[in-house]
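This report is written for someone meeting the structure for the first time. The sequence and the model are shown here.

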Amino acid sequence: MSTVREQVRAHVEANPGVHFNALARDLDIATGQAQYHLRKLRRGGDVVAEEVRGKTHYYGEGYDPWERRVLAFARRETARAVLLHLLESGSLPAGDLAERLDVARSTVAWHVSSLGEAGVLEKSYGARGTVVVSLTRPEETRRLLGEVTPSLADRLVDRFVRLVDGTLAGTADDD
(Lines give C-alpha, C1' and ligand atoms only; values in the text may rest on other atoms or scores of the structure.)
Protein backbone atom coordinates (compact mmCIF):
# COMPACT_ATOMS: atom_id res chain seq x y z
CA MET A 1 0.00 0.00 0.00
CA SER A 2 1.35 3.46 -0.88
CA THR A 3 2.45 5.82 1.88
CA VAL A 4 -0.27 8.35 1.04
CA ARG A 5 -2.94 5.66 0.90
CA GLU A 6 -1.82 4.37 4.28
CA GLN A 7 -1.99 7.93 5.67
CA VAL A 8 -5.54 8.29 4.32
CA ARG A 9 -6.59 4.94 5.81
CA ALA A 10 -5.00 5.78 9.18
CA HIS A 11 -6.65 9.20 9.22
CA VAL A 12 -10.07 7.68 8.54
CA GLU A 13 -9.54 5.08 11.27
CA ALA A 14 -8.48 7.76 13.77
CA ASN A 15 -11.27 10.17 12.75
CA PRO A 16 -14.42 8.14 12.07
CA GLY A 17 -16.95 10.19 10.14
CA VAL A 18 -14.39 12.60 8.71
CA HIS A 19 -15.79 14.24 5.59
CA PHE A 20 -13.96 14.45 2.29
CA ASN A 21 -12.91 18.13 2.46
CA ALA A 22 -11.62 17.80 6.02
CA LEU A 23 -9.64 14.69 5.11
CA ALA A 24 -7.93 16.40 2.16
CA ARG A 25 -7.29 19.53 4.24
CA ASP A 26 -6.01 17.63 7.30
CA LEU A 27 -3.59 15.57 5.22
CA ASP A 28 -2.68 18.49 2.96
CA ILE A 29 -3.27 16.48 -0.20
CA ALA A 30 -4.94 17.48 -3.46
CA THR A 31 -8.60 16.57 -3.83
CA GLY A 32 -7.84 14.36 -6.83
CA GLN A 33 -5.25 12.50 -4.83
CA ALA A 34 -7.70 12.06 -1.95
CA GLN A 35 -10.40 10.80 -4.35
CA TYR A 36 -8.00 8.31 -5.93
CA HIS A 37 -6.84 6.81 -2.64
CA LEU A 38 -10.31 6.77 -1.09
CA ARG A 39 -11.66 4.98 -4.16
CA LYS A 40 -8.92 2.33 -3.86
CA LEU A 41 -9.53 1.95 -0.12
CA ARG A 42 -13.30 1.62 -0.64
CA ARG A 43 -12.81 -1.04 -3.33
CA GLY A 44 -10.52 -2.94 -1.00
CA GLY A 45 -13.07 -2.80 1.81
CA ASP A 46 -10.77 -0.79 4.10
CA VAL A 47 -13.00 2.31 4.15
CA VAL A 48 -16.76 2.82 4.06
CA ALA A 49 -18.37 6.00 2.72
CA GLU A 50 -21.79 7.39 3.58
CA GLU A 51 -23.43 10.62 2.49
CA VAL A 52 -25.14 12.50 5.30
CA ARG A 53 -26.90 15.77 4.50
CA GLY A 54 -24.81 16.59 1.46
CA LYS A 55 -21.37 15.59 2.75
CA THR A 56 -19.62 12.29 2.19
CA HIS A 57 -18.15 10.92 5.40
CA TYR A 58 -15.62 8.10 5.70
CA TYR A 59 -15.29 5.33 8.28
CA GLY A 60 -13.13 2.36 9.04
CA GLU A 61 -14.69 -1.06 9.37
CA GLY A 62 -16.99 -1.94 12.23
CA TYR A 63 -19.59 0.84 12.29
CA ASP A 64 -23.18 0.05 11.42
CA PRO A 65 -25.23 2.57 9.39
CA TRP A 66 -26.85 4.14 12.47
CA GLU A 67 -23.47 4.62 14.15
CA ARG A 68 -22.07 6.17 10.96
CA ARG A 69 -24.89 8.73 10.89
CA VAL A 70 -24.36 9.64 14.57
CA LEU A 71 -20.64 10.10 13.97
CA ALA A 72 -21.30 12.31 10.93
CA PHE A 73 -23.68 14.55 12.90
CA ALA A 74 -21.29 14.63 15.85
CA ARG A 75 -18.79 16.41 13.58
CA ARG A 76 -21.22 19.31 13.11
CA GLU A 77 -21.16 21.73 16.01
CA THR A 78 -24.86 22.56 16.25
CA ALA A 79 -26.00 18.96 15.77
CA ARG A 80 -23.45 17.89 18.37
CA ALA A 81 -24.78 20.52 20.78
CA VAL A 82 -28.34 19.21 20.22
CA LEU A 83 -27.15 15.69 21.05
CA LEU A 84 -25.29 16.84 24.16
CA HIS A 85 -28.29 18.79 25.50
CA LEU A 86 -30.54 15.79 24.95
CA LEU A 87 -28.06 13.52 26.72
CA GLU A 88 -28.07 15.92 29.65
CA SER A 89 -31.84 16.45 29.83
CA GLY A 90 -33.33 13.26 28.46
CA SER A 91 -35.95 15.06 26.38
CA LEU A 92 -36.65 18.69 25.63
CA PRO A 93 -39.25 20.78 23.86
CA ALA A 94 -37.75 22.05 20.59
CA GLY A 95 -38.33 25.66 21.69
CA ASP A 96 -36.29 25.12 24.87
CA LEU A 97 -33.55 23.56 22.79
CA ALA A 98 -33.44 26.67 20.56
CA GLU A 99 -33.13 28.89 23.65
CA ARG A 100 -30.38 26.78 25.19
CA LEU A 101 -28.42 26.74 21.92
CA ASP A 102 -29.14 30.43 21.27
CA VAL A 103 -30.13 29.70 17.68
CA ALA A 104 -33.25 30.36 15.64
CA ARG A 105 -36.11 27.89 15.92
CA SER A 106 -35.74 27.20 12.19
CA THR A 107 -32.16 26.04 12.77
CA VAL A 108 -33.27 23.68 15.53
CA ALA A 109 -36.14 22.46 13.33
CA TRP A 110 -33.68 21.66 10.52
CA HIS A 111 -31.35 19.75 12.85
CA VAL A 112 -34.22 17.93 14.58
CA SER A 113 -35.59 16.94 11.18
CA SER A 114 -32.17 15.72 9.99
CA LEU A 115 -31.47 13.80 13.19
CA GLY A 116 -34.99 12.35 13.16
CA GLU A 117 -34.68 11.14 9.56
CA ALA A 118 -31.39 9.49 10.54
CA GLY A 119 -33.07 7.66 13.43
CA VAL A 120 -30.89 9.41 16.01
CA LEU A 121 -33.75 11.16 17.79
CA GLU A 122 -37.49 10.98 17.86
CA LYS A 123 -40.19 13.60 18.11
CA SER A 124 -43.31 13.43 20.20
CA TYR A 125 -45.95 16.01 20.95
CA GLY A 126 -46.51 17.49 24.37
CA ALA A 127 -49.04 19.94 25.72
CA ARG A 128 -50.60 22.28 23.14
CA GLY A 129 -48.83 20.47 20.29
CA THR A 130 -45.33 21.32 21.51
CA VAL A 131 -42.68 19.24 19.75
CA VAL A 132 -40.59 17.31 22.28
CA VAL A 133 -37.39 15.57 21.17
CA SER A 134 -35.41 12.73 22.73
CA LEU A 135 -32.58 10.43 21.67
CA THR A 136 -33.45 6.98 20.37
CA ARG A 137 -30.30 5.32 21.78
CA PRO A 138 -28.78 7.65 24.41
CA GLU A 139 -26.01 5.40 25.77
CA GLU A 140 -24.75 4.47 22.31
CA THR A 141 -24.92 8.14 21.31
CA ARG A 142 -22.84 9.10 24.36
CA ARG A 143 -20.21 6.49 23.45
CA LEU A 144 -20.00 7.68 19.84
CA LEU A 145 -19.76 11.36 20.80
CA GLY A 146 -16.63 10.46 22.74
CA GLU A 147 -14.99 9.30 19.51
CA VAL A 148 -15.39 12.61 17.69
CA THR A 149 -13.98 16.10 18.03
CA PRO A 150 -15.24 18.48 15.32
CA SER A 151 -12.47 20.15 13.34
CA LEU A 152 -11.81 23.87 13.67
CA ALA A 153 -12.96 24.42 10.08
CA ASP A 154 -16.24 22.60 10.75
CA ARG A 155 -16.83 24.66 13.89
CA LEU A 156 -16.10 27.93 12.06
CA VAL A 157 -18.49 27.10 9.22
CA ASP A 158 -21.20 26.17 11.72
CA ARG A 159 -20.67 29.41 13.66
CA PHE A 160 -20.86 31.43 10.45
CA VAL A 161 -24.17 29.78 9.58
CA ARG A 162 -25.46 30.54 13.08
CA LEU A 163 -24.34 34.17 12.75
CA VAL A 164 -26.12 34.57 9.41
CA ASP A 165 -29.16 32.76 10.76
CA GLY A 166 -29.24 35.08 13.77
CA THR A 167 -28.84 38.15 11.59
CA LEU A 168 -31.64 37.07 9.28
CA ALA A 169 -33.88 36.20 12.22
CA GLY A 170 -33.20 39.66 13.64
CA THR A 171 -34.23 41.39 10.40
CA ALA A 172 -37.36 39.25 10.19
CA ASP A 173 -38.37 40.49 13.65
CA ASP A 174 -38.00 44.10 12.48
CA ASP A 175 -40.68 43.71 9.76
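The model is predicted: local features need pLDDT of at least 70, side-chain atom pairs count only at pLDDT 80 or more, and totals for chains, interfaces and linings use all residues. Residues are numbered from 1 along each chain as its sequence is written, and side-chain values use heavy atoms, with hydrogens and water left out.

**Overall make-up**

The protein chain has 9 helices and 6 strands. Helices (H or I, at least four residues) and strands (E, at least two) are DSSP runs, numbered from the N terminus. Of its 175 residues, 43% count as buried, where buried means under 20% relative accessible area, exposed over 50%, and partly exposed in between, with a 1.4 Å probe and protein chains only. Contact means heavy atoms within 4.5 Å. Among the contacts in the protein chain with a separation of 6 or more, 57% are between residues 24 or more positions apart.

**The two sheets**

Two strands pair if DSSP finds at least two bridges between them. The table lists one pairing from each sheet.

| Strand pair | Sense | Bridges |
|---|---|---|
| E1 and E3 (residues 55–59) | antiparallel | 2 bridges |
| E4 and E6 (residues 131–135) | antiparallel | 3 bridges |

Axes are lines fitted to C-alpha atoms, for helices over the stretch in contact, and angles run from 0 to 180 degrees between N-to-C directions. Val-18 has Tyr-58 in E3 as its bridge partner.

Another open sheet has 3 strands in the order E4-E6-E5, again with antiparallel pairing. E4 (91–93) and E5 (121–125) stand at the edges with a single partner strand each, so one side of each is left without a neighbour in the sheet. From one strand to the next, the twist averages 25°. Pro-93 stands opposite Val-132 in E6.

**A helix pair**

How do H2 and H3 cross? The axes of H2 (residues 20–27) and H3 (residues 31–43) come within 10 Å and cross at roughly 110°. H2 and H3 are therefore roughly perpendicular to each other; angles of 65 to 115 degrees count as such, under 35 as roughly parallel, over 145 as roughly antiparallel and the rest as oblique. Phe-20, Leu-23 and Ala-24 of H2 make the contact with Thr-31, Ala-34, Gln-35 and Leu-38 of H3.

**The cores**

A nonpolar core is a set of buried Ala, Val, Leu, Ile, Met, Phe, Trp, Tyr and Cys residues joined through side-chain atoms within 4.5 Å. The largest has 32 residues, of which Val-108, Val-120 and Leu-121 touch the most other members. At least two residues of this core come from each of H4 (65–74), H5 (77–89), H6 (94–101), H7 (105–117), E6 and H8 (138–145). Leaving aside residues up to four places away in sequence, the residues that Leu-121 touches include Val-82, Leu-86, Val-112 and Val-133. A second, separate core of 13 residues includes Val-12, Ala-22, Ala-24 and Ala-34.

Ala-14 lies in H1 (residues 3–14). Ala-14 is exposed, with a relative accessible area of 55%. Ala-14 and Val-148 are 134 residues apart in sequence and 9.3 Å apart in space, C-alpha to C-alpha.
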